[in-house]
Amino acid sequence: MSFRKKIVQNIISATSAATQASRLAARGLPAGSVAADASSATANLPPHLKPSTTWWDANYAINVFTPEQLKNRVPKSVFKAYVSAIKENHPLDDTVADVVATALKDWAVSRGATHYTHWFQPIQLSTAEKHDSFVSPIADHRSILEFSGKELIRGESDASSFPNGGLRNTAQARGYTAWDPSSPAFIRNYAGTTTLYIPCIFCSWTGEALDVKAPLLRSIDALSKQTTRLLKLIGDTKVASVQTSMGPEQEFFLIDRHYFLERPDLMLSGRTVLGSKPAKGQELEDHYFARMNTRVLEYITEVEQELWRLGMPAKSRHNEVAPSQHEMSPIFEDANLAIDHNNISMELMKEIAAGHNLACLLHEKPFAGVNGSGKHNNWSIITDYGLRLLHPGAKPENNVPFLLTLAATIAAVDKHADVLRASIVTPGNDFRLGANEAPPAIISIYLGDDLIGLLDNLIDGKSRIPLKESFINIANPVSPIKKDTADRNRTSPFAFTGNKFEFRAVGSSQNVGVTCTFLNAIVADAVSSIADEVEKRVKSGTNPEAAGKAVALETIKAHRRIIYEGNGYTEDWVKEAEARGLPNYKESVSALEQLDAPKNIKLFEKLNILNEGELKARKHIFLEYYSKTINIEGLAAHNLVNTRVIPASLQHQAAVAQSILTTRHAAPKIDLSTQEKKLDHVTNLINNLINANQRLEDSLNHASDLHDDVLQQARAYRDEVKTSLEEVRKYSDALEDVVSDDLWTIPKYSEILYIK
């Protein structure tokens, strides 16, 4: 029996009914069910006898220390001081902090926690945590559980051991974590222990932001200040602040863990660097929205329940386009919280997958030849009293806050398309953008027929022609379907979808805090410029609303080139975008080269989001991450070729050659020219692969030697290593298609994507 057939047997054994029942029972889920709904036992009771408490009532946010929890555990004066500190952005008094810390510790201990951690988000990494126990020794070999305000508010770490872009080094290594009270603490139960997680920022001893959250919070504050100022200029007397809303839609692949563990490239780099296209990919369009595999549904159900326990609004789940690809989406919420939640979700998805003998792949392109994974970011702005600033309303032509917010967003994306493009750089995302499975690398905005028609009419001074409600009568007895005012353009990277913008070019593995920070920054800058112009006109005697509307329309007209309603996948759009003067950064390195341009340094410094050093450090980190990732991929491919592909191919070559010799000896007159051609073909492929693998090794060595210049090194990995890697893959994949199946030890796409 071949090695790979043994893997299939292991999968069958792992997914047997008895094994699944045992596994589900161990994880607290009933056998034969994909849900753990506590109300299922009363499902057949008449409505008036059913209990009011459902599973969700009893368990939703049970592992979160909510403001209500704090309110019930501390004196009113302490809770009032806590709320005031958050709203007015001032430090907590030490006495208040001690009371809050004790309440937090008591709650966590009552839920089984023994440790706490300052949980933060280093640049270009997922999250980081160090666990400390609540135990403090006292006299007579006894101990108590305690947690002070100082321990809650501040922690310390070696900042030089995290990506820092030169802001820290071994001789200047001190870094601090600091509590973010606007994101609730929570507990996690795993590996037989319970830990209290305290969301934090991370900074250096000299005060530079070394994480994702600190600049995010600054960008949220900057956008709030500028937007509040603008709204007050046009007569809004209620607004005190605005908040960014987000909802990241997470795509991912789910494969059997046996295959994952037998693919070093998947384990080390997140993607398959070798692998021939299977006979069936996604061409039948039979996976999108299809019924989920039972094993997959059990897994996603457990993920959802854990998310609900953590107060995360998981809403939708479905199969995606590629085989073994899926999506989970939340309800939109406060951006800071949404980003924390997405990071927790990605961690949970990987952890829970292992318990189901599955592997969750978050890489943007784990498999060649089928769609990769993205993370559509739904972004909007809401006032503190609930006004959605991107909601057009019944009469958008008179909705001045909407027109101004829309104008600012359009101007921001046009003026700073390079910044927005730099916010989505990952080596994996380079495989998706512009590949007819995701939006192109050219940043543009889609508004839809109705909205663009309205704006053009207003700009031209014409009256709006109201669109009549339109319905589709498809068949009786189906009710008529009310049509939306615009179609959906899936080829647009930044599309307006009714009351929000959907940034569709974000990579699935990314921390969306970077994307949100950059987007908030460019919009805050545009709002500031618009507010300056509105203020000037109001001071000169123009009616505030009239001034706001006029500036909004002038701004939209000035930045009309960024709006594109057509098919972004076509070559015609590439040419038209160039004619419009829109940038086209096709891959990560060229996009990152623009990040610290003078205009961008000025942008981030003006808004107090990132200083020059912090911005340059991020460019350095992103480039360094790009190079290190490509290096890992190249080394993984080089090793697989040397240790698996070439040995198997040589065995196959020898078997074919021996067969020809044996046949010729037994029957000298038989024509063996066709078999000899097969031998020649295999031999040529092996020789080409050996030579290509040597070129890959040489390019890896050359790129590695350029470590003193991070930009030059990234260019070398892009231009030399990636090119060599593609050549190696070409010959390896060709050999996979001809080498005897029993000799090929690397799991194939046809198995990985379809056996579960």
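In which loop is the place of Pro477? Pro477 sits in the loop between β16 (471-472) and β17 (481-482); helices (H or I, at least four residues) and strands (E, at least two) are DSSP runs, numbered from the N terminus. The peptide bond from Asn476 to Pro477 is cis, and its omega is near 5°.

This is a predicted model, in which local features need pLDDT of at least 70 and side-chain atom pairs count only at pLDDT 80 or more, while totals for chains, interfaces and linings use all residues. Residues are numbered from 1 along each chain as its sequence is written, and side-chain values use heavy atoms, with hydrogens and water left out.

**Backbone angles in loops**

Most residues other than glycine have a negative phi, and most peptide bonds are trans. Ala61 has a positive phi, near 60°, although it is not glycine. Its place is the loop between α3 (55-59) and α4 (67-73). Asn608 is also a residue other than glycine with a positive phi, near 60°, and it belongs to the loop between α20 (598-606) and α21 (612-666). The table gives the accessibility of these two residues. Buried means under 20% relative accessible area, exposed means over 50%, and partly exposed is in between (1.4 Å probe, protein chains only).

| Residue | Relative accessible area | Class |
|---|---|---|
| Ala61 | 17% | buried |
| Asn608 | 60% | exposed |

Helix α8 (residues 213-233) has 21 residues. From its first C-alpha to its last it reaches 30 Å, close to the expected 30 Å; the expected span is 1.5 Å times one less than the number of residues. Of the 21 residues of α8, 15 are buried, so the helix is largely enclosed by the rest of the structure. Gly235, which follows α8, has a positive phi, near 105°.

The axes of α8 and α12 come within 10 Å and cross at roughly 155°. Axes are lines fitted to C-alpha atoms, for helices over the stretch in contact, and angles run from 0 to 180 degrees between N-to-C directions. Lys213, Leu216, Leu217 and Ile220 in α8 meet Asn336, Ile339 and Asp340 in α12, where contact means heavy atoms within 4.5 Å. The residues of this contact divide into 4 nonpolar, 1 polar and 2 charged. Here Ala, Val, Leu, Ile, Met, Phe, Trp, Tyr, Cys and Pro count as nonpolar, Asp, Glu, Lys and Arg as charged, and the others, Gly among them, as polar.

**Helix α12 against α16**

Helix α12 (residues 335-355) also meets helix α16 (residues 512-539): their axes come within 9 Å and cross at roughly 160°. That makes α12 roughly antiparallel to α16. On the α12 side the contact is made by Ala335, Ile339 and Asn342, and on the α16 side by Val512, Gly513 and Cys516. These residues divide into 4 nonpolar, 2 polar and no charged.

**Ala692 in helix α22**

Ala692 lies in helix α22 (residues 673-704). Its relative accessible area is 0%, so Ala692 is buried. Leaving aside neighbours within four places in sequence, Ala692 is in contact with Glu727, Val728 and Tyr731. Ala692 and Leu725 are 33 residues apart in sequence, and their C-alpha atoms are 8.2 Å apart in space.

Note on methods
Angles under 35 degrees count as roughly parallel, over 145 as roughly antiparallel, 65 to 115 as roughly perpendicular and the rest as oblique.
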